Amino acid sequence: MERLVERCAGLDIHNDSVVACVRVSGEDGGRVQETRTFGTTTEQLLVLLDWLRGWGVTLVGMESTGIYWRPVYYMLEDHMECWLLNAQHLRNVPGRKTDVKDAEWICQLVEHGLVRASFVPPREIRELRDLVRYRKAQIEERTREVQRLEKTLQDAGIKLSSVASKVLGVSGRLMLDALISGTHDPEVLAELAKGRLRQKLPALREALQGRFTGHHGLIVSRQLAHIDYLDDAIADLSERIDEVIAPFAEKVALLDTIPGVDKRTAELLIAEIGADMSVFPTHRHLASWAGICPGQNESAGKHRSGKTRKGSKWLRAGLTEAAKAASRSKGTYLNAQYQRLRGRRGHQKATIAVAHSILVAAWHILSRDLPYADLGDDYFIRRQAEHAERYRNRLIHQLEKLGHKVTLEPLPQTA
């Protein structure tokens, strides 16, 4: 088998140990191989680095096991080329699996070019990714805490959410603070309403008449304190994200021109796929890497399930959220695409198709530094017009199957 890398290494990484195998060319023209085990502390990783340098290693391959690969990768990336490898691509021979054998197998695969490196963004994008993901986690935790608050109020018989659109709006917070402090009179609580909510005073009095006790007050007070803490954390993270993403502000603004994509979604896209699209030769490579495209499963001429592959759950969630927003937009290509697919493929597949279109648009925007150009909600009609006769005959056939007799009469030409 052809050898593509002369001096390479394979690392089998665990929480407490790294098994490293080096293969280099020997004096007799053969291959020299050596395997050693190192710890994962910084001191031990420096020893690993010196050992690899001593062998003149130019390329290191490592398996992407959990997060244990990160300190090893970050230690080596400035000194030699590092490949992060997908564990599914490294299947070893059953019955011969040990850490040493795994390291040797990884090294041989790298040596002969039988694996491809996974995408690892540069350091500034990795820091942005950590911030964006953590902010998203805090937002989700805030949503869960608000849901817990609603359950507590329902347990107390307080139906505030049935009248007020926002339980945690200005009026809602005043009422909740009053309930915690011991005010249970519905008349007094309803008078705390502000703005347009005062038009619903009779309904508020009825909704605020419950059995709110000190037990509920303690739980609600802690829930509100937790929500306030999360609000502050989200605000602090957003400020830091604004600082880190400042060099990519123009690209964020360009991504914001896509229907359904707001500032936060644009920040998520930059954090997950980076700003340099040269790492993805085409938009198809990006969609495949992200798992936002049909999978391919063919054997013996038979096509099996084409469900999407696994990708970044953070990117998929952000694109799905953007796709749902775009499907509600008016007069856009994405809305037309969603409506066209939903009837025959269902809501979920139509949403993923729109998410795929958003990702493809993001690749072109980041590659060319141009804003989004909408094709219009009549794009599919205009495309059908290129084959007008065939399209017309299909529609006539559908109406005839429904029991109608169709007579065509051209519209008069307008001056």
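**Notebook: overall form and nonpolar cores**

I began with burial: 40% of the 415 residues in the protein are buried. I note that the model is a predicted one.

Next I looked up the secondary structure, and I found 16 helices and seven strands. I then checked the radius of gyration, which is 30 Å, while the globule rule gives 22 Å for 415 residues; the value is well over the rule, so the protein is more spread out than a compact globule. I also noted the span of the C-alpha trace along its principal axes, about 95 × 75 × 45 Å.

For contacts with a separation of 6 or more, I found that 61% are between residues 24 or more positions apart.

The largest nonpolar core has 53 residues, and Leu255, Ile258, Ile270 and Ile358 touch the most other members. Helices that each supply at least two residues of this core include α4 (123-155), α8 (214-244), α12 (313-327) and α14 (347-368). I recorded α14 as the one that gives the most, with 12 residues.

I followed Ile358 further. Leaving aside neighbours within four places in sequence, Ile358 is in contact with Ile258, Pro259, Val261, Leu319, Ala322, Ala323, Ala326 and Leu334.

I noted 60 positive and 53 negative charges, with mean positions 9 Å apart.

Definitions and conventions:
Residues are numbered from 1 along each chain as its sequence is written. This is a predicted model: local features need pLDDT of at least 70, side-chain atom pairs count only at pLDDT 80 or more; totals for chains, interfaces and linings use all residues. Side-chain values use heavy atoms; hydrogens and water are left out. A nonpolar core is a set of buried Ala, Val, Leu, Ile, Met, Phe, Trp, Tyr and Cys residues joined through side-chain atoms within 4.5 Å. Buried means under 20% relative accessible area, exposed over 50%, partly exposed in between (1.4 Å probe, protein chains only). Helices (H or I, at least four residues) and strands (E, at least two) are DSSP runs, numbered from the N terminus. Contact means heavy atoms within 4.5 Å. The radius of gyration is taken over C-alpha atoms; the globule rule is 2.2 Å times the number of residues to the power 0.38. Lys and Arg count as positive and Asp and Glu as negative; His and the chain ends are not counted. The place of a charge is taken as NZ of Lys, CZ of Arg, CG of Asp or CD of Glu.
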